[in-house]
Amino acid sequence: MDKKLSRQIAIITGASSGIGAGVAKSMAAEGAIVVINYPVPAAKDMAEQVLQEIKAEGGTGMTYACDVSKEDQVIKMFQDTIAMFGTVDILVNNAGLQRDAKFTEMTLEQWNFVLSVNLTGQFLCAREAIKEFLRRGVDPSKSKAAGKIICMSSVHEVIPWAGHANYAASKGGIMMMMKTIAQEYAPQKIRINSIAPGAIATPINHDAWDTSAHLQQLLKLIPEKRIGQVEDIGKAAVFLASDDADYVNGTTLFVDGGMTLYPGFEDNG
Ligand code: BGC
């Protein structure tokens, strides 16, 4: 059977660990040539490890260092990818981080850092991706769309999160940026959607599941009573990037085990 993303070039930002690494593996397994972006030299080894695992399974791609909050670096990442592989078919706008603090103690630096990576980074990458999609147009041998963008959002695009105002604001911003650019470029056959993960076991939320007491506390927030795995997100990303989702545009797919279902009301209210 044909793989769902055969020969498609996918840039996945923040792919040296966590959800990004999982998405890179899932997409590579479906035939995509993956650009495993990592943010800083210190993450190079982890990115190379992801690439090695992909190659061991018969996949292919390259690693690429780029701070997505820096315009010149993002432009160069797209130029270099196009020089190397010819084009870009898929962008997974995944890079994101947390710098948590009570609101009255949050520094401007913490605010700006989170917004610049999580939101401005997605803006810069999406802009370069869309320019390339418009230049190339639809290549029917690969996909019905001229290009696909998947924005990694969070359940916190709708769930307020005390102590994380910068992060929640960035995810709310991603939701409206995603919908707006989906509306703007749907006529050109570009599809732009978000995935809103709930609690997925990755380094970003290690403190929430590292002990069984913490995990029990976390599971109270998840009707399915299990923490998510990066494969749960990888499968959703493959679907949204593939022609199976050809009529899906401008929407957020929640992959959260029901976290957004007001679990506090399970036996009350
Ligand atoms: C955050 C995690 C958190 C999850 C559910 C994610 O967006 O990055 O730290 O566990 O949302 O609250």
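Student: Which backbone oxygen does the side chain of Ser170 reach, and at what distance?

Tutor: This is a predicted model, in which local features need pLDDT of at least 70, side-chain atom pairs count only at pLDDT 80 or more, and totals for chains, interfaces and linings use all residues. Residues are numbered from 1 along each chain as its sequence is written, and side-chain values use heavy atoms, with hydrogens and water left out. Ser170 lies in helix H5 (residues 165-185), a helix being a DSSP run of H or I with at least four residues, as a strand is a run of E with at least two, numbered from the N terminus. The side chain of Ser170 reaches the backbone oxygen of Tyr167, at 2.6 Å.

Student: Is Ser170 buried or exposed?

Tutor: Buried means under 20% relative accessible area and exposed over 50%, with partly exposed in between (1.4 Å probe, protein chains only). Because its relative accessibility is 0%, Ser170 counts as buried.

Student: Which residues is Ser170 in contact with, leaving aside its neighbours within four places in sequence?

Tutor: Contact here means heavy atoms within 4.5 Å. With those sequence neighbours left aside, the residues in contact with Ser170 are Val114, Leu115, Asn118 and Leu119.

Key. Polar contact = N/O pair within 3.5 Å; in protein donor to acceptor, adjacent residues only side chain to side chain.
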